Amino acid sequence: MKYYIRKIHQWLGLISGLLVFIIAITGCLYAFQEEIQNWTQPHRFVEKENGEFLLPSALSTIATKQLPGKHLHSIKYNKNGQAAEAIFYHYEPTYYYIMYMNPYSGKVLHTQNMEEGFFPFILKGHFYLWFPPEIGQPIVAISTLIFLVMILSGLFLWWPKNKKTTKSRTWFRWKSTTKWKRKNFDIHAILGFYSFFIAIIFAVTGLVWGFQWFAYGFYKSMGGEKSLVYEEPLSQKTTPIDGNGLDMLYDKLMAETPNLEDIEVHPPETETSPIAVNTNVDAGTYWKIDYRYFDQYSLQELEVGHIYNRFDQSTFADKLMRMNYDIHTGAVFGLAGKIFMFLFSLLIASLPITGFLFWYGRRKGNRKSEGEKLKEISAKISGNSLPQISR
């Protein structure tokens, strides 16, 4: 049994090793993108003033004049002296811009093309291996599934037969006589053991994005009953109320939740679309976001049947699915969690390397032993005298 598991582990590693390495390394590089960009991009911040922020309608008017013909997806207000964001996004044709604005004056500070730059490049590698999404996404998902199988098979191979060998498989006990091949094997096996639990988390949270069937099955196994497909409720065409709906909802929700760290207001895209408003009491994560929808004519709040609803209406399974990104990045535990996941992602990136070196070393050793056997056979043949031929 162990022989076949070892073969499966070996060949799956050779097939997916490079891809797992790329996915892990790009994850490491992307881990602190928010902190790095806050440090290197001063246009993300403004001086605090005593006055009030401009209302969404005012910022929308200014922003759309700067990018005529582009679809304004939302206006987002941030905390702690951060700039407001006018987000322009469209799927087909695809474009994604963030316009940073002074929320007090409406001054445009910078417009960033979110499809260009170092971190978008890294993210495309992490999600798609730099292939078109329709090609790269399935490859990444399949590689993640293979990685999950390798994690489980690796633990099976690591598991000691008796207690005496447990210490040698959990602690490095190198001596001056320990050869490099053995050291490499210990690195692979022992670090693989210690990274097992975190690797499972990376794999499962990655598969939730990778396969709809996996996400649905995982959600249902946790007791979930709602839909995982985002769908907006419809507005009913009636006589619109007096005033600007975006501004009125912004004032309403700001008054209802004074401890908000950010609020994002989405103008309706069509005549039947709602006004969507996202509020967050923890800007460092996404899972606590309150997703609320309002009829654009009456401003009556609308109910939805999926997990992206009001936070107080979310079950344990709903929250777990909404937490998927924050768990994957470690953000659910703050900066310490990000550092922790970053280090383990580096460790996981090393496993394909040490695994390949172990396989290559054994293969080379097998070739050498076969050559030595051939030499021994040749020596025996040459050492024996040939029988004399009688005349």
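**Exercise 1.** In this predicted model, determine which ring the charged end of Lys319 sits over.

*Solution.* The ring is that of Phe311, and the charged end of Lys319 sits 4.8 Å from its centre. A charge of this kind must lie within 6 Å of the ring centre. A second case is Lys70, whose charged end is placed over the ring of Tyr95, 4.4 Å from the ring centre.

**Exercise 2.** Classify the ring pair of Trp213 and Phe214 as stacked, tilted or edge-to-face, and state whether each residue is buried or exposed.

*Solution.* Step one concerns distance: the ring centres of Trp213 and Phe214 are 5.9 Å apart, and pairing requires centres within 6.5 Å. Step two concerns the angle: the planes stand at 75 degrees, so the pair is edge-to-face, since planes over 60 degrees apart count as such. Step three concerns accessibility: Trp213 is exposed because its relative accessibility is 53%, and the cut-off is over 50%. Phe214 is buried because its relative accessible area is 16%, and the cut-off is under 20%.

**Exercise 3.** Describe the second largest pocket: how much space lies in it, which residues are closest to its centre, and which element gives the most to its lining?

*Solution.* First, the volume of the second largest pocket is about 1100 Å³. Next, 40 residues line this pocket, and His9, Met150, Gly154, His188 and Gly355 are the closest to its centre. Among the elements that give two or more residues to the lining are α1 (2-30) and α12 (334-383). The greatest contribution comes from α1, with 11 residues. Finally, the lining comprises 22 nonpolar, 11 polar and seven charged residues.

Methods. Residues numbered from 1 in each chain as written. Predicted model: local features only at pLDDT ≥ 70, side-chain atom pairs only at ≥ 80, totals over all residues. Heavy atoms only, no water. Phe/Tyr/Trp six-rings, centres within 6.5 Å; stacked < 30°, edge-to-face > 60°. Buried < 20%, exposed > 50% of the residue type's maximum accessible area, 1.4 Å probe, protein only. Lys NZ or Arg CZ within 6 Å of the ring centre and 35° of its normal. 1 Å grid on protein atoms, 1.4 Å probe; cavity = no way out; pocket = protein on both sides within 12 Å on 5 of 7 lines; lining within 4 Å. Points joined across faces, edges and corners; volume = space filled by probe spheres on them. Helix = DSSP H or I, 4+ residues; strand = E, 2+ residues; numbered from the N terminus. Nonpolar A, V, L, I, M, F, W, Y, C, P; charged D, E, K, R; others polar.
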